[in-house]
Amino acid sequence: MAQHVRGVIARAKGEPVELTTIVVPDPGPGEAVVDIQACGVCHTDLHYREGGINDDFPFLLGHEAAGVVESVGEGVTEVAPGDYVILNWRAVCGQCRACRRGRPQYCFDTHNAKQKMTLLDGTELTPALGIGAFADKTLVAAGQCTKVDPAASPAAAGLLGCGVMAGIGAAINTGNVGRGDSVAVIGCGGVGDAAVAGARLAGARRIIAVDIDDRKLEKARSVGATHTVNSREADPVEAIRELTDGFGADVVIEAVGRPETYRQAFYARDLAGTVVLVGVPTPEMNVELPLLDVFGRGGALKSSWYGDCLPSRDFPMLIDLYLQGRLDLDAFVTETVGLDDVEEAFARMHGNDVLRSVVVL
Ligand SMILES: NC(=O)c1ccc[n+]([C@@H]2O[C@H](COP(=O)([O-])OP(=O)(O)OC[C@H]3O[C@@H](n4cnc5c(N)ncnc54)[C@H](O)[C@@H]3O)[C@@H](O)[C@H]2O)c1
Ligand SMILES: [Zn+2]
Ligand SMILES: [Zn+2]
């Protein structure tokens, strides 16, 4: 039977979010209902509310979540009721040209639950990133559930579902950071700090954090930065070169999503180095670079979608490293809040002293 539970929705562009009753159907074929235990508050949720993603209001917000599978639909074999899972927004299809070539992390046809969750009057909800986890329970495609060790706290584990995975993956998957590399990370919010943590995990010997806010730089140090540069006070390209014997970093990760920081990343890397763009630009942004520099500096200019992660490969591995004390996911949880505190958490995001507020249920 369909269940009535609490959920946080955005009804219209720019309006404050609302805690209301939503209807969660029983899982159909290939679907699962998950009892949510924690869900991080991400900028993307705010973008949905501001109408910056699309106009499919009302949205059921929340997408960085961990919980326990309550029930599964017909044909579901990958998870079972009682499994502790992290939700992901890229359930791979197994059929598209990327999947068939053995590169499911790039799947071009990911999917979500087919049935819709609704309001009590039957209005269909659009779940943020196909998840919608600021709710007691949510309906997802079974492939969006990745089973991990239940010893990990839900508040920390859920963060792997989005921004923290994007940052760690930008370093270890897209940037392919290896032992002994020098790495610079431009922009040290939740994503950039996760890239710092990922670079440390991968064995980087020098990790240079760049931001315009000293509080962010202090935090970056606590998750693994060996050097910090405030780019309001010093030219970051010069500073990164100085810190790398005059050459530039092997891998530079841009976690802001702006043309000027992309340009800094481009020039702050060593010859044959790699630039990873993980920050998301807006449609009007352009970057102009001398083509001779693009050629002459060699290396690779890459973008990182969701850290090029494969949830089934990366989530259980990173949770194990967390439980061994080698990856401090707790450092990303600034505060835990209730389901009715999402609007306040959005306001605190602008204050710049929060990496993640996490709703705990
Ligand atoms: N690629 C993906 O899959 C993916 C996933 C999640 C988020 N993102 C993107 O990653 C980016 C960062 O996300 P976040 O949650 O960490 O955001 P955030 O706002 O918490 O962090 C941004 C940081 O950049 C700093 N900053 C701003 N302007 C700067 C400048 N000119 N130079 C240096 N630092 C500057 C800010 O002080 C802040 O610390 C966003 O663009 C977000 O959309 C990408
Ligand atoms: Zn596919
Ligand atoms: Zn997110």
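This is a predicted model: local features need pLDDT of at least 70, side-chain atom pairs count only at pLDDT 80 or more; totals for chains, interfaces and linings use all residues.
**Close-up 1. Helix α5 gives the largest share of the shell around ligand 1, three residues.** The shell holds 28 residues, and the closest of them are A166, G187, G189, V191 and G257. Sorted by class, the residues around ligand 1 are 13 nonpolar, 11 polar and four charged.

**Close-up 2. Helices α4 and α5 cross at roughly 45 degrees.** Their axes come within 7 Å. That angle makes α4 oblique to α5, because angles between 35 and 65 degrees fall in the oblique class. The crossing of the two helices is right-handed. On the α4 side, the contact is made by G163, V164, A166, G167, I168, A170, A171 and I172. Facing them in α5 are G190, V191, G192, D193, A194, A195, A197, G198, A199 and L201. Together, the residues of this contact comprise 12 nonpolar, five polar and one charged.

**Close-up 3. C107 sits in the loop between α2 (97–100) and β7 (118–119).** C107 counts as buried because 20 C-beta neighbours lie inside 10 Å, and 20 or more is what a buried residue needs. Leaving aside residues up to four places away in sequence, C107 touches R90, V92, C93, C96, A98 and C99. Do look for R97 in this view as well: R97 and C107 are 10 residues apart in sequence, with 7.8 Å between their C-alpha atoms.

Terms used. Residues are numbered from 1 along each chain as its sequence is written. Chains are lettered from A and ligands numbered from 1 in the order in which they are written. A residue is near a molecule or strand if its C-beta atom, placed from the backbone, lies within 6 Å of it. Helices (H or I, at least four residues) and strands (E, at least two) are DSSP runs, numbered from the N terminus. Ala, Val, Leu, Ile, Met, Phe, Trp, Tyr, Cys and Pro count as nonpolar, Asp, Glu, Lys and Arg as charged, and the others, Gly among them, as polar. A residue is buried if 20 or more other C-beta atoms lie within 10 Å of its own, exposed if 12 or fewer, and partly exposed in between; C-beta atoms are placed from the backbone. Two residues are in contact if their C-beta atoms, placed from the backbone, lie within 7 Å. Axes are lines fitted to C-alpha atoms, for helices over the stretch in contact, and angles run from 0 to 180 degrees between N-to-C directions. Angles under 35 degrees count as roughly parallel, over 145 as roughly antiparallel, 65 to 115 as roughly perpendicular and the rest as oblique. A crossing is left-handed if the near helix is turned anticlockwise from the far one by less than a right angle, and right-handed if clockwise.
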